[in-house]
Amino acid sequence: MSEHAIEAVGLRRTYRSRTGWLRPQRREVEAVRGVDLTVGNGELFGLLGPNGAGKTTTIKMLNTLLVPSGGSARICGYDVVTRTREVRRRIGYVFGGDRGLYDRLSARDNLRYFAELYGVPGREQRRRIGELLELVRLDGRDDDRVEGYSRGMRQRLHIARGLLHRPRVLFLDEPSIGVDPVAARELRQTVADLAATGTTVLLTTHYMAEADELCGRIAVIANGRIQALGTPAELRRHADGRRVLEVEAYGVTDRQLAAIRTLPGVREASMDVVGAAQVLGVQSDAGYDVQADVLRALDGVRLGRVTARQPTLEDAYVAIVNRVAEERPIEAVAA
Ligand SMILES: Nc1ncnc2c1ncn2[C@@H]1O[C@H](COP(=O)(O)OP(=O)(O)OP(=O)(O)O)[C@@H](O)[C@H]1O
């Protein structure tokens, strides 16, 4: 048995496409620009990054759906290009969204159908389907038609489908997309239970909190490269020694946000929309109190709560990703 479930060395992928009709132009996108990664057997590993970072492209090369333009990758010791068949036997792939199930069938019948398709031997099917329904906590609802299922339940059924053939490695691509917070918590429980069975899981997500709760190690990918890799505690150090000011506001303009970024002592400023409010997060060096300057820059904007707090893993993530966006070198962080 290979020591590593997943190994990638210098993995690259360039997409080439043509645009225009009268004067066609070639367009090249370097989606993945040299990814090195090793994931141990039974590890729950997170791949995190903003839109267009290269997460899905990386997963698709690892699961044999895309041929790399350069570098190499192995799953359980088998090369993804030359030993495709061995790799496919050992992997499962589940992506977000709720397509790909038969709405008019029950969960159990959906799994029976896919078990046939994946060649799970008849005498094993009953037991395996029973085990999986229990793992994803759909036992009790297993004879109901899927059309009455919530998004979270469908997503858990997708996970069960991806596990029918007992893969050693499961790729979970943004499983919680579009799932409400309560259902997302149940989904995280399913992923944790799955990892406890010894299956290696590579999870991609946009949600730092999800990765923090589930993953032993996380790679932050942006601009086609791994920008930081480590345990959640190691990644958190990217925001060490900083303070965070959080301001609830209504109507902050891009210009005001840009002005805040240039204030003395300010290291990052990001803005999230939560319901009707904007939540501004301003990271500063510990020696500075930027509150007065920030509030002055927001003159005329209706403000809600203003709080100062310690940095979280999410703040570290913002720091890593913003540095890439501005092409500043990432500070080395001791492990
Ligand atoms: N088939 C394709 N043809 C051309 N460009 C592509 C193709 N698929 C992806 N890209 C580009 O490659 C880059 C990486 O895309 P990828 O889907 O891997 O990112 P991602 O991190 O999964 O993003 P998201 O979180 O939005 O799903 C993006 O710039 C994207 O526009």
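**Close-up views of a predicted model**

**View 1. The surroundings of Leu 202**. Setting aside neighbours within four places in sequence, Leu 202 is in contact with Ile 6, Val 39, Phe 45, Leu 47, Ile 59, Val 169 and Phe 171 (contact: C-beta atoms, placed from the backbone, within 7 Å). This is a predicted model, where local features need pLDDT of at least 70 and side-chain atom pairs count only at pLDDT 80 or more, while totals for chains, interfaces and linings use all residues. Residues are numbered from 1 along each chain as its sequence is written.

**View 2. The largest nonpolar core**. Which residues have the most contacts inside this core? They are Ile 75, Val 201, Leu 202 and Val 220, in a core of 77 residues. A nonpolar core is a set of buried Ala, Val, Leu, Ile, Met, Phe, Trp, Tyr and Cys residues joined through C-beta atoms within 7 Å; buried means 20 or more other C-beta atoms within 10 Å, exposed 12 or fewer, and partly exposed in between. Helix 11 (residues 313-325) gives the most to this core, with eight residues (helices are DSSP runs of H or I, at least four residues, and strands runs of E, at least two, numbered from the N terminus). Another core, of 13 residues, lies apart from the largest one and includes Val 247 and Ala 297.

**View 3. The loop at Cys 76**. Cys 76 sits between strand 4 (70-75) and strand 5 (78-79). Its phi is near 50 degrees, a positive value in a residue other than glycine. Cys 76 is buried, because 22 other C-beta atoms lie within 10 Å.

Technical notes:
Contact = placed C-beta atoms within 7 Å.
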